[in-house]
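This report describes strands, helices and charged side chains in one protein model. Please look at the structure first and then read on.

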Amino acid sequence: MKNKREKKIRFETTEGILDVVKLCFKELDLQIIEQGAGKDASYVRGCLDLCDFSARVHVEIVNGNMTPLLNFRMTSSWEENGENEFHAQRVINYLNRYLMSIAHFAMDSDNTDIQLLASVSLQGDRVKGKDVMDPMMDLMIGGVAAFMLLRQMLFSDPDTEMYEFIKEIMRNTKC
Amino acid sequence: MDINAASRLFEEIETWFTEAGFSIVKETEKLKEPHTENYLAFLSKTQRGGTVADVIPALIYKYERMMVLIRFHTKVAPSQMREVMKFINVMNSATWSTFWVIVEREAVVECRTAYMPWRWKINRESFIKVLEDLLECAYEQYEYIRRLVENGESVLALSQEFLRESVLETKRKRN
């Protein structure tokens with residue numbers, strides 16, 4: 001069944017790679033809210049709604065100068081009251097330091113939403129479904145786990161409790 | 001994952017520096033740190049335009065991926081910490097493939113990127129390209145941090161300038 005599906009998708013094209021991304025969205029029950037193509041990239045946007053966590057996911061496929069790039073962004077809001085923005089930035093910096101990851105966290109400068117960003121280079125002469133599916137799944141599943149812990153960390157003492165969270169994240173994520 | 005291939009790549013890293021217009025300050029050496037069971041890492045020191053940086057390529061065994069860290073030693077006064085953190089966050093929210101962290105106690109700011117071997121094989125050419133891009137990008141972006149720390153330029157003005165330039169940079173890389 002899987003082979004049949006792979007045969008239908010032309011992975012060497014931006015649209016073909018994006019089709020695999022959409023399959024990932026479907027497997028993870030992400031509702032597609034928008035898709036399109038610009039001059040440099042094709043993109044798809046989805047919405048993730050779990051019982052205690054929601055996020056917007058944007059994936060774009062860009063033709064890089066050597067190989068296609070898969071750019072990934074997961075964005076989630078949090079209750080920011082204007083006083084703890086610096087604390088949140090410290091927490092994010094701490095996480096980015098220890099994750100040794102393809103992904104990093106950042107706060108949206110306009111609205112203080114928190115984002116997880118990553119860029120994966122899809123190498124090889126011919127991109128196959130697995131080359132797209134594996135990093136996508138790592139980013140989605142690991143990203144949600146990291147986000148859940150980040151939310152707890154936002155209300156923790158960065159000097160005493162942080163390392164425990166990091167250990168937890170490193171045990172559970174591969175993003 | 002071929003650890004020996006990674007080790008050979010890291011040892012010859014100096015030749016790529018010189019080809020890319022960076023001079024060698026200190027010869028490459030294998031890092032001996034307490035966590036060597038988790039990763040293989042090397043350290044070189046390179047220089048351009050009077051700015052010295054540590055270049056640390058590392059192979060993280062658990063995640064089967066490589067990280068490259070470009071480390072700049074810079075003293076950030078406690079009174080400047082908020083501003084630097086804020087600016088680093090602006091840069092991180094605008095870039096997908098690289099990110100900055102600040103190590104407060106060690107007076108270090110660090111630009112990082114990850115390299116994922118394709119199907120567990122290290123592609124020499126693409127790794128060299130990643131390293132060259134990161135070096136260029138790190139030196140270019142560090143200049144903004146230096147202006148913030150040493151010249152006391154405003155975060156707002158630097159952010160606006162960075163965001164204008166980073167759009168151009170993205171376009172250049174995509175082409």
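The text below covers the sheet of chain A, then the strands of chain B, then the charged residues. The model is predicted.

**The sheet of chain A**

In chain A, 6 strands make up an open sheet with antiparallel pairing, in the order β1-β2-β3-β4-β6-β5. Its edge strands are β1 (31-37) and β5 of chain A, each of which pairs on one side only. On average, neighbouring strands of this sheet are turned by 15° against each other, direction ignored.

Within the sheet, strand β2 (residues 41-49) of chain A is joined to strand β3 (residues 54-63) of chain A by 9 bridges, and the two pair in the antiparallel sense. Leu48(A), for instance, has Ala55(A) as its bridge partner in β3(A).

Which strands does α2(A) touch where it packs on the sheet? α2(A) is in contact with β1, β2, β3 and β4 (68-76) of chain A, and its direction makes about 5° with that of β2(A). Helix α3 (residues 81-94) of chain B also packs on the sheet, where it touches β5 and β6 of chain A. The direction of this chain B helix makes about 125° with that of β5(A).

**Strands of chain B**

Strand β2 (residues 39-48) of chain B has 7 buried residues out of 10, so it is largely enclosed by the rest of the structure. β2(B) runs antiparallel to strand β1 (residues 23-30) of chain B, with 5 bridges between them. One bridge partner pair here is Ile24(B) with Thr46(B) in β2(B).

β2(B) also runs antiparallel to strand β3 (residues 51-60) of chain B, to which 8 bridges join it. In this pairing, Tyr39(B) has Ile60(B) of β3(B) as its bridge partner. The two strands, β2(B) and β3(B), form a hairpin with 2 residues between them. In the turn, Gly49(B) has a positive phi of about 55°.

**Charged side chains**

Over all chains, the whole structure holds 12 salt bridges. The table lists some of them.

| Residue | Partner | N to O distance |
|---|---|---|
| Asp19(A) | Lys22(A) | 3.6 Å |
| Glu110(B) | Arg71(B) | 2.4 Å |
| Arg112(B) | Glu110(B) | 2.7 Å |

Asp19(A) and Lys22(A) lie 3 residues apart in helix α2 (residues 14-27) of chain A, so about one helical turn separates them. Asp19(A) counts as partly exposed at 32% relative accessibility, and Lys22(A) is partly exposed with a relative accessible area of 22%.

The side chains of Glu110(B) and Arg71(B) also meet in a salt bridge. This pair links distant parts of the chain, with Glu110(B) in strand β6 (residues 108-115) of chain B and Arg71(B) in strand β4 (residues 65-73) of chain B, 39 residues apart. Glu110(B) is buried, with a relative accessible area of 0%, whereas Arg71(B) is partly exposed at 22%. Arg112(B) and Glu110(B), which form a salt bridge, are both buried. Through shared partners, salt bridges join Arg71(B), Glu110(B) and Arg112(B) into one network.

Back in chain A, Asp108(A) lies in the loop between β5 (103-107) and β6 (114-121). Is Asp108(A) buried or exposed? Asp108(A) is buried yet has no salt bridge. The nearest side chain of opposite charge, that of Arg56(A), is 6.4 Å away, while a salt bridge needs the atoms to be within 4 Å. Leaving aside residues up to four places away in sequence, Asp108(A) touches Asp113(A) and Gln115(A).

Conventions: Residues are numbered from 1 along each chain as its sequence is written. Chains are lettered from A and ligands numbered from 1 in the order in which they are written. This is a predicted model: local features need pLDDT of at least 70, side-chain atom pairs count only at pLDDT 80 or more; totals for chains, interfaces and linings use all residues. Side-chain values use heavy atoms; hydrogens and water are left out. Helices (H or I, at least four residues) and strands (E, at least two) are DSSP runs, numbered from the N terminus. Buried means under 20% relative accessible area, exposed over 50%, partly exposed in between (1.4 Å probe, protein chains only). Lys and Arg count as positive and Asp and Glu as negative; His and the chain ends are not counted. Contact means heavy atoms within 4.5 Å. Two strands pair if DSSP finds at least two bridges between them. Axes are lines fitted to C-alpha atoms, for helices over the stretch in contact, and angles run from 0 to 180 degrees between N-to-C directions.
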